[in-house]
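Take your time and look up each residue as it comes.

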Amino acid sequence: MAETADVIIVGGGIAGLSLASALTADDRAKLRVILVEAEHSLAYHTSSRSARQLIPSYGPEVVQRLTDRTLRLIREAEQDLPAPVLTPRSFLLVGSEENVAARASGAMERISWDDAVRLCPQIGPAAGAAGYDAAGLDTTAVGCNTDLLLDHHRSRAEAGGTQILTGARVHSVQRLRTAWEVGAGAQAVHAAVVVNAAGAWADELAVLSGVATQGLRPYRRTAAVTAAGRAPAPDSPMVAAADDSFYFRRDDDGLLISPAESVPSVPEDAQPRPEDLESLISRLNGLTTLDIGTVLRAWTGLRTQAADGLPVVGFDPEAEGFFWLAGQGGYGFQTSSAIAELAAGLITGTGTGAGNGAGHPVAAALAAGRS
Ligand SMILES: Cc1cc2nc3c(=O)[nH]c(=O)nc-3n(C[C@H](O)[C@H](O)[C@H](O)COP(=O)(O)OP(=O)(O)OC[C@H]3O[C@@H](n4cnc5c(N)ncnc54)[C@H](O)[C@@H]3O)c2cc1C
């Protein structure tokens, strides 16, 4: 006997969980929501592998708007949480004048190279000599306790009646006359709306459902926490190269580093390649005085994006009741609450919150099937 629901969300990362939280928090909608996750734990894939930094000046204008709204919504939610989700941590962009100028927008101000070195003395003369001699600073950027944020959404969703099934990989999706029939693990669910929040597997889920794909491609990105002889002070900014060749920041127990690579991948449980980290460490030890030593832990996640780099959010234009919530790329946390609010508004038809309503420019920019 199949379970019935109004909405079935496929994917238990930040996208699926924040939507479940937004949908079930709206008492007016009174929706029955089921969230299914293939893995035995929630947020097993990309959502547990981020750099945990939210940067209002990062990304195209529509992403920056979503980030501002997300920060506002998280700050409201924080009032009911036992600890802060967000903590101030500026973002320092370094590079050639040309590269920094091309990337500095929104909340980022241009600062002199001397000021940049004062903020992070480890990027001294060697980086300057290698052509990293211009800088921009976003003082509105924050660190994010992603575990707390994910858990907040999970508990709010469950308190609102969402049923969460883990270890329930969706293996079949079929359009019936008025609903979808979804096979997830040993369970069958009938629902009017299927939400595709499957991260790197989003296009695969579309194929399984007989729905046209959106050209979503997963790209590898690796990060590691290492020992460092001269790690930056706890209140120093995250530092990123404007040519996308590295970033680093202080972490609780060491230094977080990333080669900031964007290498196409199949959807998979991505794993770090030791040679990528070895060459990054050797390069950073040449460019800085960080004195990076042993790798304490490393991980790789998949950042999935559409050809234009914007998330894909909205009902599929051809397949009735099939809703896309994918392609968040490197912005999945910083846009999460605003995208969930937008998606919930489109699904319930209530259109509350900034940027909601199918005709709104943000909704139009993210729409599935946009050309
Ligand atoms: C190294 C790195 C650093 C990053 N840093 C930041 C950062 O600082 N700030 C930021 O905002 N973003 C950052 N990101 C991006 C961010 O982590 C992602 O955008 C976000 O986690 C994507 O969330 P998601 O829910 O879409 O995907 P996922 O977390 O991958 O969740 C998708 C889920 O769907 C499940 N699934 C797939 N297929 C099925 C199926 N058939 N049945 C059931 N379940 C299925 C998967 O198991 C998975 O759990 C970073 C990413 C990486 C890799």
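By class, the shell around the ligand is made of 14 nonpolar, 15 polar and seven charged residues. Here Ala, Val, Leu, Ile, Met, Phe, Trp, Tyr, Cys and Pro count as nonpolar, Asp, Glu, Lys and Arg as charged, and the others, Gly among them, as polar. Please keep in mind that this is a predicted model, in which local features need pLDDT of at least 70, side-chain atom pairs count only at pLDDT 80 or more, and totals for chains, interfaces and linings use all residues. Residues are numbered from 1 along each chain as its sequence is written, and side-chain values use heavy atoms, with hydrogens and water left out.

**The ligand and its surroundings**

- Of the 36 residues around the ligand, the ones that come nearest are E37, S47, V170, G329 and Q334; a residue is near a molecule if one of its heavy atoms lies within 4 Å of it.
- A backbone N or O atom of V170 lies 2.8 Å from a nitrogen atom of the ligand.
- For Q53, a backbone N or O atom is 2.9 Å from a nitrogen atom of the ligand.
- I14 has a backbone N or O atom 3.3 Å from an oxygen atom of the ligand.
- On its own the ligand has 1000 Å² of accessible area, and the protein covers 96% of that; such areas come from the Shrake-Rupley method with a 1.4 Å probe, and for residues only the protein chains shown count as cover.
- Helices (H or I, at least four residues) and strands (E, at least two) are DSSP runs, numbered from the N terminus.
- Why does the ligand lie between domain 1 and domain 2? Domain 1 (3-51 + 146-216 + 307-366) and domain 2 (91-138 + 218-304) both give residues to the shell, so the ligand lies between them. The domain bounds come from an automatic or database domain assignment.

**Aromatic pairs**

- The structure holds six aromatic pairs. Rings of Phe, Tyr and Trp (its six-membered ring) pair if their centres lie within 6.5 Å; planes under 30 degrees apart count as stacked, over 60 as edge-to-face and the rest as tilted.
- The ring centres of Y132 and F246 are 5.6 Å apart and their planes are at 50°, so this pair is tilted.
- Y132 sits in the loop between α5 (125-129) and β7 (134-138), and F246 in the loop between β14 (238-241) and β15 (247-251), so the pair ties together parts that are 114 residues apart in sequence.
- Y132 is buried at 6% relative accessible area, and F246 is buried at 3%; buried means under 20%, exposed over 50%, and partly exposed in between (1.4 Å probe, protein chains only).
- F322 and W324 form an edge-to-face pair, with 5.5 Å from centre to centre and 70° between the planes. F322 is buried at 0%, and W324 is buried at 0%.
- Y132, F246 and F248 form one aromatic cluster.

**Residues in loops**

- H45 is in the loop between β2 (33-36) and β3 (53-54), and H45 is buried, with a relative accessible area of 14%.
- The side chains of H45 and E39 are joined by a polar contact of 2.7 Å. A polar contact is a pair of N or O atoms within 3.5 Å; within protein, one must be able to donate a hydrogen and the other to accept it, and residues adjacent in sequence count only if both atoms are side-chain atoms.
- Most residues other than glycine have a negative phi.
- D244, in the loop between β14 and β15, is not a glycine, yet has a positive phi of about 60°.
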